[in-house]
Structures are given as structure tokens and as C-alpha cells.
Amino acid sequence: GSYSSTTITFAAGGTFTTGDGGAGTWVTVEGMLTFTFNAPSRTTYSSVMMGSTATGINTTFAGLNGCHNIRLGNVPFAATPNLDSRRSDGLLAKS
């Protein structure tokens, strides 16, 4: 395969844009970041977030697979559209 890079901006409302014109939606669940590009590609990336990086795998519905590494900068993950029971400060909410 080949490598490429671009900037990615994650917005607090659960959307993202890339420096090369891509866009889509994202969500976090218990330390995992998953983001999917809009049609037509619908490439989905799933990453484990550790400190200032997120590393993981990606796939398309056409069967193309790969891996990625994201340097996390000022991202809105503290106030994310998350699917688990974490509060906006990242701590687990009491049931």
C-alpha cells in the first residue's frame, strides 16, 4: 500500500472535516474513537485513544483495509457525543 496524511478537525457536535475535503461523523465509546467518512467512500476508522495519539484500523465496504495513527491535538473529546455513560469530564456517571 501507500501512505498519505492530512489534517482532521473533529467538531464537538460529532462531525469532522479533513484538509483534503473529506467529511463525516465520529463518536467515542470507552476510549475508542470511531469515525466514518460520508458517501460515497464510507470508510470507517476505529482507534484506541492513548494519551496524545489514536491508533487503529480502517476498512471500506469494498473490502479495502488499512491502519492509521492520529496525533491528537486540541480535540473536543472531553465534550463528545459518546455512547457510554461518561460525563463530559470523562468520568463514569453514576447510574
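Colleague: Let's start with the largest pocket. Which strands each supply at least two residues of its lining?
Modeller: This is a predicted model, to begin with. Those strands are S1 (8-10), S4 (32-37), S6 (53-59) and S7 (65-71).

Colleague: And which strand gives the most?
Modeller: S7, with seven residues.

Colleague: What volume does the pocket have?
Modeller: The largest pocket comes to about 1,100 Å³. Its lining has 32 residues, and the closest to the pocket centre are Ser4, Ser5, Thr6, Tyr45 and His68.

Colleague: How do the lining residues divide into nonpolar, polar and charged?
Modeller: There are 11 nonpolar, 19 polar and two charged.

Colleague: Now the sheet. In what order do the strands run?
Modeller: The order is S1-S2-S3-S4-S5-S6-S7. These seven strands form an open sheet with antiparallel pairing. S1 and S7 are the edge strands, each pairing on one side only. Neighbouring strands are turned by 25 degrees against each other on average, ignoring direction.

Colleague: Take S4 and S5. How many bridges do they pair over?
Modeller: Five, in the antiparallel sense, with S5 covering residues 44-50. Ser46 in S5 stands opposite Thr34.

Colleague: Switching topic: where does Gly13 lie?
Modeller: In the loop between S1 and strand S2 (15-18).

Colleague: Why does Gly13 count as exposed?
Modeller: Because its relative accessibility is 71%, and exposed means over 50%.

Colleague: What separates the C-alpha atoms of Gly13 and Thr25?
Modeller: A distance of 8.9 Å, with the two residues 12 residues apart along the chain.

Conventions. Residues numbered from 1 in each chain as written. Predicted model: local features only at pLDDT ≥ 70, side-chain atom pairs only at ≥ 80, totals over all residues. Heavy atoms only, no water. 1 Å grid on protein atoms, 1.4 Å probe; cavity = no way out; pocket = protein on both sides within 12 Å on 5 of 7 lines; lining within 4 Å. Points joined across faces, edges and corners; volume = space filled by probe spheres on them. Helix = DSSP H or I, 4+ residues; strand = E, 2+ residues; numbered from the N terminus. Nonpolar A, V, L, I, M, F, W, Y, C, P; charged D, E, K, R; others polar. Buried < 20%, exposed > 50% of the residue type's maximum accessible area, 1.4 Å probe, protein only. Pairing = 2+ DSSP bridges. Axes fitted to C-alpha atoms, helices over the stretch in contact; angles between N-to-C directions.
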